[in-house]
Amino acid sequence: MYKITISASSLKISELKIVLQEPIEVTLSKDIEEGIKKSAGVVSDVINSGKVVYGINTGFGHLANKRIETDDLALLQKSLVLSHAAGVGEPIEDGLTRLIMLLKIKGLSRGYSGVRLELVRCLADMLNAGVYPVIPRKGSVGASGDLAPLAHMTLVLMGEGFAHYKGQTLSGKEALKAAGLSPIELGPKEGLALLNGTQVSTSFALKGLFLAEDLFAAAIACGCLTIEGVSAARTIFDERIHQVRGQQGQIDAAAAYRRLLGPRSEIGDDHINCDRVQDPYCLRCQPQVMGACLTQIRNAAAVLEIEANAASDNPLVFTDNGDVISGGNFHAEPVAMAADNLALAFAEIGAISERRIATLVDPHMSRLPPFLVENAGVNSGFMIAHVTAAALASQNKTLSFPSCVDSLPTSANQEDQVSMAPNAGRRLWEMAENVKYILAIEYLAAVQGIEFKKGLKTTPALEKYHEALRKVVPNYDKDRFFAPDIETAANLIDKGIFADAVEGDLLPSWKQ
């Protein structure tokens with residue numbers, strides 16, 4: 001079980017990826033406890049003084065001007081959570097729930113939320129015990145925090161709602177009891193602190209980021225295989241070309257291609273003196289396009305790592321002078337824009353791969369048999385596999401429309417401009433699946449193309465991917481049921497067949 005200590009130090013993007021993949025054990029460092037206690041003390045002082053402060057003894061949203069009497073503060077927090085737990089749709093997977101819980105613990109531990117240390121410990125205990133609240137996928141607009149999904153998380157702390165525990169779906173009360181835990185009664189401001197925040201939006205986008213990294217590596221490898229499949233020039237990866245432009249993503253992407261293609265191969269040597277002057281852009285401009293995608297991945301990772309460690313609820317408590325200040329850190333616009341930029345990267349990775357498939361199946365471009373099969377006409381070969389790739393690439397164009405520019409006013413126009421960050425992050429998962437299948441088709445097509453090269457070999461690094469595919473998918477010598485081949489190739493991508501296609505420091509979460 002992976003162990004994480006919540007301290008004053010920031011969580012790293014590489015740690016967050018592990019949280020999605022396996023159960024964790026969270027420990028609260030002693031260095032954060034005093035800050036949490038002081039913050040809760042400020043809230044107690046507000047109540048004892050009789051001051052009226054938003055989020056502590058008022059209503060919420062459009063009802064912020066309504067004062068709540070001290071005797072009703074516990075009911076206020078419980079009612080807030082119950083009413084806000086209005087999410088819909090299929091539950092998110094436990095790995096995402098784990099990440100959401102961890103980010104909420106981290107945010108509360110910053111000491112700006114006014115919650116008790118007991119509450120933070122209870123949430124950590126629940127996470128460590130593997131009690132994962134059932135959180136519906138839909139219902140947040142990514143401003144005033146991820147209210148609905150975080151309310152579903154909070155329900156279980158109170159012994160309400162539903163949770164997954166050891167493979168079963170139980171009521172919140174039953175799950176806590178089975179894990180040897182007890183419900184907690186929320187204190188002043190605690191329900192609001194749990195519901196406010198960008199933890200769901202951030203987790204959704206982080207999942208998209210990690211998928212983008214894996215598919216980036218796969219796309220580099222498949223692009224190299226296609227270079228060999230159509231006997232394209234290696235000179236396009238010459239380091240000097242990319243250095244004089246100066247774009248770091250492009251420089252690094254070109255280096256990744258050079259690493260797999262090497263200076264030469266038998267296939268490359270056989271075409272040194274061919275009469276082709278230039279290759280199409282989908283081959284020649286791979287470093288430029290993939291380099292731009294790499295830049296977007298890196299930029300998104302930087303934004304999301306900051307947000308994962310942020311205090312993003314409202315109001316915030318400042319213990320140096322006892323100020324409780326209402327603001328808007330719950331607005332997930334940075335997350336939405338990061339996810340939108342990842343969507344552009346997904347769309348372009350898939351689009352340029354689809355164009356490479358089109359090149360492979362076109363005998364005028366590839367100088368290979370039509371649709372990569374002998375006896376074309378009787379056999380249709382990769383004709384409709386390419387059509388499938390085109391359909392997926394086209395859908396990704398639609399899905400890449402930026403979510404952050406779409407806003408609907410909520411809460412009787414009090415919350416009148418929202419980020420739609422959960423939508424921005426969630427659609428990345430579908431885009432990733434589309435890209436995976438496009439790359440699976442390119443993988444099949446490129447290896448098929450290489451096998452028309454009179455037995456000539458590519459580089460050792462690429463031969464390994466060639467052999468891995470042929471262990472599970474035979475050469476396409478005549479038409480057969482094609483869909484299983486695509487699924488098998490996609491499964492290889494899922495299993496990380498291309499995990500070593502790029503060096504570990506190229507991608508943000510791969511760095512140690």
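The count of salt bridges comes to 19, a salt bridge being a side-chain nitrogen of Lys or Arg within 4 Å of a carboxyl oxygen of Asp or Glu. The model is predicted, so local features need pLDDT of at least 70 and side-chain atom pairs count only at pLDDT 80 or more, while totals for chains, interfaces and linings use all residues. Residues are numbered from 1 along each chain as its sequence is written, and side-chain values use heavy atoms, with hydrogens and water left out.

Individual pairs were then examined. R264 and D269 join through their side chains in a salt bridge, at 2.4 Å from N to O. R264 is partly exposed, at a relative accessible area of 48%. D269 is also partly exposed, at 33%. Here buried means under 20% relative accessible area, exposed means over 50%, and partly exposed lies in between (1.4 Å probe, protein chains only).

A salt bridge also joins R355 to E354, with an N to O distance of 2.7 Å. The two partners fall in separate classes of accessibility. R355 is partly exposed at 42%, whereas E354 is buried at 8%.

K436 pairs with D494, and their closest N and O atoms lie 3.0 Å apart. K436 is buried, with a relative accessible area of 12%. D494 is exposed, at 51%.

Salt bridges also form a network. Its members are K30, E33 and R121.

Empty space was examined next. Rolling a probe the size of a water molecule over the atoms shows where such space is left. A cavity is a set of points, on a 1 Å grid over the protein atoms alone, where a 1.4 Å probe fits but cannot get out. Points are joined across faces, edges and corners, and a volume is the space filled by probe spheres set on the points. The whole structure holds one cavity of 30 Å³ or more. The largest cavity has a volume of about 50 Å³.

Lining residues have an atom within 4 Å of a point. For the largest cavity they are F382, L444, Q448, R470, V473, P474, Y476, R480, F482 and D485. Six of these are nonpolar, one is polar and three are charged. Ala, Val, Leu, Ile, Met, Phe, Trp, Tyr, Cys and Pro count as nonpolar, Asp, Glu, Lys and Arg as charged, and the others, Gly among them, as polar.

Definitions and conventions:
On a 1 Å grid over the protein atoms alone, a cavity is a set of points where a 1.4 Å probe fits but cannot get out, and a pocket is an open set with protein on both sides within 12 Å along at least five of seven lines; lining residues have an atom within 4 Å of a point.
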